[in-house]
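This report walks through a two-chain structure, element by element. Please keep the sequence and the 3D view open while reading.

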Amino acid sequence: MRNAWTIAKREFNMYFVSPVAYAVSFVLLVVLGLFFFGSFLGAANFGGPPDPTATIGPFVIIMLFSVPAVTMRLMAEEQRTGTIELLLTAPVRDWEMVFGKWLAAFAFAALLILVTLVYPFILSQYTTPGLDQGALQGMYAGLFLMIAAMLAVGVFASALFANQIAAFFLSMGILVALWILGAVLQSANGPMADFLNYLIFSRHYYDNFLSGAAKLEDIVYFVSVVALFLFLATRIVESRRWR
Amino acid sequence: MIQVELLTKRYGERTAIKDLTFHANRGEIVGFLGLNGAGKTTTMRILTGYMPPTAGGGRVAGFDLIAESIEVRKRVGYLPENVPLYPEMTVVQYLDFMAELRRIPKREDRVDEAMETVHIEDRAESFVGNLSKGLRQRVGLAQALLHNPEVLILDEPMDGLDPQQQIEVKKLFREVGKEKTVMLSTHILAHAQELCDRIIIINQGQIVAEDTPERLNRQLAGGDRIHVMVDGDGTGLLDTLKALPGLTRVRAVRDGEFEIETTPGRDARPEIARAVVDGGWPLLEIHREALSLEKIFIELTKDESAESRA
């Protein structure tokens, strides 16, 4: 576990050495700023209630494409340059490396999520009686969970390839597929459809968390996605042993 | 310190190494000699716990290679081929990171010591990506020495070093080789001869010879090959040379140039030189050709393939 922490620290620092961190944060904040401004203006002109989802919705959509950018490097680069050999001939277990990488990505993403808190904060300041704090906490708790799951998918894709672009597209593909599965399944029913429905990322977020309700079912779902994809990533790293 | 038996590694259909059995003792430098693709890197990856063998096993630093891989890794220092390092870290950052993974107490001191050992302390703040091949090699070496390991495994440690650096690195290996077990791979015979107490020659995944450099030399050298060059076309010299005793084969390469093979164990150069000068030919050059690794390989593998055909 300590090794995972050591690896996470290094990887987190690397985000700020590379331009990826700055590019992702820049795009995110500019786009969210525009959405926020529009929504704020609308609310002011028409007297609607303050709506924190005006920035959270776009944030989630941007993350669908930003998460692959944040995770693509993590494992792929180690495999391409061969540095993974030095890492795994040190007394480091495969899962410690995978978990450490994910932890670093999560810490970076958490930073981004925390920065977006500025919008609800402003909303709260300029309205009375302010935002419903309970609902806001629910939204953000859900956000952390969902991003954690997305990052695990990204780490998995990065473990599969020694090429960052391939890792980027695979994780984006999985994430978008899990996102829009609902549109495809609208008319379907039966146990298969129920199961696929359960897999849809957006349902677990939009149906409950976004209205501020944290349901155990949804928490279990996101935690399971993290566990499953980190487990698969570990298996892929291990596969060098029997290939 | 290193003791392996019947190590075999298959990648799908391809067998990379087959039934390797060898050992290396404390205070010994063992050279792993073979052409590219002979199975050196595969063997070293197994010894360092990067991957397990398909069959066979052994002990390194007193622990089982497969069941106690983490314990083995704690006690082994490894320099992989081509020295993969993180280019975006400084030398100090990188070594500190590796030291933290290895749970080294008083990390800062050990990192400083390791950098001094390989003479890289003046580049401590340089980014690894900006270093030359030789300097990167030294950073990799510092990394391998950080935790003062009992066993050092070095894959092609001389690759990419200039002659001056090679001399320095060899000195370093001899120093650490006194109290550690050092196993290094190379495809250059001269390096192995100069540095190693024992040489294991590996070809197509199998050990074809194993001995001290001196004995290996004697065994492999067979006869000498001597080149003679005279001014002019050397008319008549061929017959003169053929008349000398103890020469197995004499042939003219071109006008004035001859190639002579002799029986093992004796240096025929004085006799040949005398015969040439006495006969009145102006001798320009006479030298003995050392058998290169490639030739030794041809020798070693020739016998084998002949046997398998039979």
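## A strand with two partners

The model is predicted. In strand β13 of chain B, Phe258(B) is the bridge partner of Val228(B). Val228(B) belongs to strand β11, residues 225-230 of chain B. Strand β11(B) and strand β13 (residues 257-262) run antiparallel and are joined by 5 bridges. A further 6 bridges connect β11(B) to strand β14 (residues 283-289) of chain B, again in antiparallel fashion. There, Arg225(B) has Glu289(B) as its bridge partner.

## The six-stranded sheet of chain B

Chain B also holds an open sheet of 6 strands, in the order β6-β7-β8-β3-β9-β10, with mixed pairing. Its edges are β6 (76-79) and β10 (206-211), each of which pairs on one side only. On average, neighbouring strands of this sheet are turned by 15° against each other, direction ignored. Within the sheet, β3 (residues 29-33) and β9 (residues 198-203) of chain B run parallel and are joined by 4 bridges. Phe32(B) stands opposite Ile200(B) of β9(B).

Two helices of chain B lie against these strands. Helix α5 (residues 133-145) packs on the sheet and touches β6 and β7 of chain B, with its direction at about 170° to that of β6(B). Helix α1 (residues 40-47) of chain B lies across β3, β7 (151-155), β8 (181-186) and β9, and runs at about 150° to β7(B).

## Chain B as a whole

How many helices and strands does chain B have? The count is 11 helices and 14 strands. The C-alpha trace of chain B spans about 75 × 50 × 35 Å along its principal axes. Of the 310 residues in chain B, 40% are buried. Among contacts in chain B with a separation of 6 or more, 66% are between residues 24 or more positions apart.

Glu68(B) is an example of a loop residue: it is located between β5 (63-64) and α2 (69-75) of chain B. The C-alpha atom of Glu68(B) is 9.1 Å from that of Gly49(B), a residue 19 residues apart along the chain.

## Nonpolar cores

The largest nonpolar core has 135 residues, and Ala152(A) and Val155(A) touch the most other members. Helix α7 (residues 133-160) of chain A gives the most to this core, namely 14 residues. Leaving aside residues up to four places away in sequence, Ala152(A) touches Trp102(A), Val225(A), Val226(A), Phe229(A) and Leu230(A). A second, separate core has 12 residues, among them Val230(B), Ile260(B), Ala268(B) and Trp281(B).

## Helix α11 of chain A

Val225(A), Val226(A), Phe229(A) and Leu230(A) are among the buried residues of α11(A), which also include Asp218(A), Tyr221(A), Phe222(A), Ala233(A), Thr234(A) and Val237(A). These buried residues pack against α5, α7 and α10 (201-206) of chain A. Helix α11 has 23 residues (216-238), so at 1.5 Å a residue it should span 33 Å; its end C-alpha atoms are 32 Å apart, which agrees.

## Helix α1 of chain A and the contact with chain B

The same check works for helix α1 (residues 2-17) of chain A: its 16 residues should span 22 Å, and the end C-alpha atoms are 23 Å apart, which agrees. The buried residues of α1(A) include Asn3(A), Ala4(A), Ile7(A), Arg10(A), Glu11(A) and Tyr15(A). They are covered by elements including α2 (20-46), α3 (53-81) and α5 (94-116) of chain A, together with α3 (91-101) of chain B.

Between the chains, 19 residues of chain A are in contact with 21 residues of chain B. On the chain A side, α1 and α4 (83-88) each supply at least two residues, and the largest share, 5 residues, comes from α1(A). The residues on this side comprise 7 nonpolar, 7 polar and 5 charged.

How values were computed: Residues are numbered from 1 along each chain as its sequence is written. Chains are lettered from A and ligands numbered from 1 in the order in which they are written. This is a predicted model: local features need pLDDT of at least 70, side-chain atom pairs count only at pLDDT 80 or more; totals for chains, interfaces and linings use all residues. A nonpolar core is a set of buried Ala, Val, Leu, Ile, Met, Phe, Trp, Tyr and Cys residues joined through C-beta atoms within 7 Å. A residue is buried if 20 or more other C-beta atoms lie within 10 Å of its own, exposed if 12 or fewer, and partly exposed in between; C-beta atoms are placed from the backbone. Two residues are in contact if their C-beta atoms, placed from the backbone, lie within 7 Å. The expected span of a helix is 1.5 Å times one less than its number of residues. Ala, Val, Leu, Ile, Met, Phe, Trp, Tyr, Cys and Pro count as nonpolar, Asp, Glu, Lys and Arg as charged, and the others, Gly among them, as polar. Two strands pair if DSSP finds at least two bridges between them. Axes are lines fitted to C-alpha atoms, for helices over the stretch in contact, and angles run from 0 to 180 degrees between N-to-C directions.
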